[in-house]
Each structure stands twice: as C-alpha cells, then as structure tokens.
Amino acid sequence: MSWLWAIIVGFVLGLIAKAILPGKQQIPLWLTTIFGILGSILGNAVAGWIGVEDTRGIDWTRHLLQLIGAVAVVGVGDMLWASIKGNRQRA
C-alpha cells in the first residue's frame, strides 16, 4: 500500500510543481509522476537532515520541503527532457 501512496503523492506533487513553474513543461504525465516521487523523497531527506521529519500533528514543514523538492526535480527534469528530445525552446 505504501507504493500506491507514493505514486499518488508523486502524481499530485508533480502536477502542483508543473503548475508553479512558469511556462509549459514538455514532460509526459508518467515522468511528472516519477519526478514528483523523487522530489518527495528529496524533501523527506532534507526534513530528516534538519530534524523535522516527524512532528505531532500535520507535518507542514516536511510537506513544504517535499513540494520544493518536486519543483526542483520537475524543473531540472524538464530541461533535461527537452534537451534529450531536441525541443529546447529559446527564450
């Protein structure tokens, strides 16, 4: 069941990250989900490093770090995806 939650959370975080980033991201939905999962893992790791991985109540700091991680991973992943596919747009 934890894999199912990881996929759901990764999907939601990936979509939110795509909405936060300016412009249109060219990554497919499946890659958005994977990048969201990776961002969530990155955010959890940072939360552990700073000592806020488990608090009483809702872990707002951990969730914010997960979102920041997802935005970073989706942003970098989109640039890599565009350069691999050759669809890099010039600004």
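## Surroundings of G69

Leaving aside neighbours within four places in sequence, G69 is in contact with G39 and L42. The model described here is predicted. G69 is found in helix α3, and its relative accessibility of 4% means that this glycine counts as buried.

## Packing of helices α1 and α3

Two packed helices are described by the angle between their axes and by the distance between those axes. For helix α1, residues 2–20, and helix α3, residues 60–85, the angle is about 65° and the axes are 8 Å apart. Angles of 65 to 115 degrees count as roughly perpendicular, and α1 and α3 are therefore placed in that class. The crossing in which α1 passes α3 is right-handed.

Which residues of α1 meet α3? On the α1 side they are L13, G14, I16, A17, K18 and I20. Their counterparts in α3 are Q66, L67, A70, V71 and V74. Sorted by class, this contact comprises eight nonpolar residues, two polar residues and one charged residue.

## T32 in helix α2

Helix α2 covers residues 29–50 and includes T32. Is T32 buried or exposed? The relative accessible area of T32 is 0%, so this threonine is buried.

Not counting residues up to four places away in sequence, T32 touches G10, G14, L15, K18 and I27. Among these, G14 and K18 also belong to the α1 residues that meet α3.

## The aromatic pair

How many aromatic pairs does the structure hold? There is one aromatic pair. The ring centres of W30 and W81 are 6.3 Å apart and the ring planes stand at 85°, so the arrangement is edge-to-face. The reasoning rests on the cut-off for this class, since planes over 60 degrees apart count as edge-to-face.

W30 lies in helix α2 and W81 in helix α3, so the pair ties together parts of the chain that are 51 residues apart in sequence.

Notes: Residues are numbered from 1 along each chain as its sequence is written. This is a predicted model: local features need pLDDT of at least 70, side-chain atom pairs count only at pLDDT 80 or more; totals for chains, interfaces and linings use all residues. Side-chain values use heavy atoms; hydrogens and water are left out. Axes are lines fitted to C-alpha atoms, for helices over the stretch in contact, and angles run from 0 to 180 degrees between N-to-C directions. Helices (H or I, at least four residues) and strands (E, at least two) are DSSP runs, numbered from the N terminus. Angles under 35 degrees count as roughly parallel, over 145 as roughly antiparallel, 65 to 115 as roughly perpendicular and the rest as oblique. A crossing is left-handed if the near helix is turned anticlockwise from the far one by less than a right angle, and right-handed if clockwise. Contact means heavy atoms within 4.5 Å. Ala, Val, Leu, Ile, Met, Phe, Trp, Tyr, Cys and Pro count as nonpolar, Asp, Glu, Lys and Arg as charged, and the others, Gly among them, as polar. Buried means under 20% relative accessible area, exposed over 50%, partly exposed in between (1.4 Å probe, protein chains only). Rings of Phe, Tyr and Trp (its six-membered ring) pair if their centres lie within 6.5 Å; planes under 30 degrees apart count as stacked, over 60 as edge-to-face and the rest as tilted.
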